[in-house]
Amino acid sequence: MTEVAPQKTHVVVVGGGYAGTLAANRLRQRPDIDITLVNPRPVFVERIRLHQLVADTGAATADYATLLGDGIRLVVDAVDRIEATARRVLLSSGAELDYDYLIYAVGSTGATPAAVPGFADFAYAIADLESAQRLRYALADLPMTAPVTVVGGGLTGIETAAELAERGRQVTLVCGAALGPSLSRRGRRSVAKRLRGFGVNVLESATVTEVRWDAVVLDDGAVLPSAATIWTAGFAVPDLAARSGLSTDALGRLLTDETLTSVDNPYVVAAGDAAAPSGQPLRMSCQAAGPLGVQAANTVLSRIAGTAPALLDQAFVGQCISLGRTYGTVQLSRTDDTPVNLALGGRTGASIKEAICKGTVWAIRREAAKPGSYLWLKGGKRPAQARTEGALR
């Protein structure tokens, strides 16, 4: 009598960033799972290094062959729609993939402010590989003395402005509000000191209301020459979840419970920037994405095993900002991600930031070699869980 091999569980991971790649590797703890990772690019993008790619001070991609564990199938394609009821994804190529479970890890992109005249025609983005490459080529054609404007005073804007200024570019940073709003007073002071040392013209409480081919217009009517305008203000997420009829928050992140399971469908689990657990998402960051990817995979593993998934348990330690290649600022925080008035600067900060960047990719490779090895800091307060605990008392 011929024995029939047991059917494997098929898990499709949509998105091959920090969260999706770690999730795919984590799933290999069970040999009875077929894993498919769908990503629109054939290479892994280190988003935390895109400002280096733009300034030509470093690379920002890695080969998936060095990051994914044995047996994971990589499909280079985009997902047009998720048919959650049928448990199927429709790809841009026309192909279809059936799944038993899906991990939604599509990440985030830069915001596109349609209300700003000239943005679509003249501004450059930096939130994805293709945009960063276009900007790099554009800067290569400009003399070093050509004025460059960076719009957005968050961490991406700060790192981009510093990286370009260290290379000798004439940079203006238009913050929109305060410089580094997620930083403490000491953190902002550390960042501001280094930017001044590079000669960056920092404009706080100023916004860009129009982008021209050779200038930007500020809200007070001032016109600043700008041979290249780089827009780093704000984040957005792909509209795949909304397009697929799944519940999302106002920004388009997939709404989940505290196990990262979609509120609409128990076979869809979310991770990374595009997840909104209990409508209270974590800060969009590499620091959050990796642990979220692992926890999403753990939820799927628990459901396959027939056990109750664990609730989201994640803490933050701070924010690391590179300010060129030899200086950095490390802003320390409480476990709930609120900053404390303590920051480390200088070469020590730069060394810590570089070690974290390298360690992030190292951790993905280690999880590929030894599934289940990834560890993360726990104990962060989740308001949604606190309300649940209060209701049970």
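A residue counts as buried when its relative accessible area is under 20%. In this predicted model, both Phe44 and Tyr64 are buried. Phe44 has a relative accessible area of 0%. Tyr18 also counts as buried, because its relative accessibility is 10% and the limit is 20%.

These three residues belong together. Ring pairs link Tyr18, Phe44 and Tyr64 into a cluster. The count of aromatic pairs in the model comes to four. One of them joins Tyr18 and Phe44 in an edge-to-face arrangement. The ring centres are 5.3 Å apart, and the planes stand at 85 degrees. Tyr18 lies in helix α1 (residues 18-26) and Phe44 in strand β3 (residues 43-45), so this pair ties together parts that are 26 residues apart in sequence. Phe44 also pairs with Tyr64, again edge-to-face. Here the centre-to-centre distance is 6.2 Å, with 80 degrees between the planes. Tyr64 sits in the loop between β4 (61-63) and β5 (73-76), so its pair with Phe44 in β3 ties together parts that are 20 residues apart in sequence.

A helix pair was examined next. Helix α5 (residues 155-166) packs with helix α6 (residues 185-198). Their axes are 9 Å apart and meet at an angle of about 30 degrees. Angles under 35 degrees count as roughly parallel, and α5 and α6 are therefore roughly parallel to each other. The crossing of α5 past α6 is left-handed. On the α5 side, the contact involves Ile158, Ala162, Ala165 and Glu166. On the α6 side, Val191, Leu195 and Phe198 take part. The contact residues divide into six nonpolar, no polar and one charged.

Note on methods:
Residues numbered from 1 in each chain as written. Predicted model: local features only at pLDDT ≥ 70, side-chain atom pairs only at ≥ 80, totals over all residues. Heavy atoms only, no water. Axes fitted to C-alpha atoms, helices over the stretch in contact; angles between N-to-C directions. Helix = DSSP H or I, 4+ residues; strand = E, 2+ residues; numbered from the N terminus. Parallel < 35°, antiparallel > 145°, perpendicular 65-115°, else oblique. Left-handed = near helix turned anticlockwise from the far one by under 90°. Contact = heavy atoms within 4.5 Å. Nonpolar A, V, L, I, M, F, W, Y, C, P; charged D, E, K, R; others polar. Phe/Tyr/Trp six-rings, centres within 6.5 Å; stacked < 30°, edge-to-face > 60°. Buried < 20%, exposed > 50% of the residue type's maximum accessible area, 1.4 Å probe, protein only.
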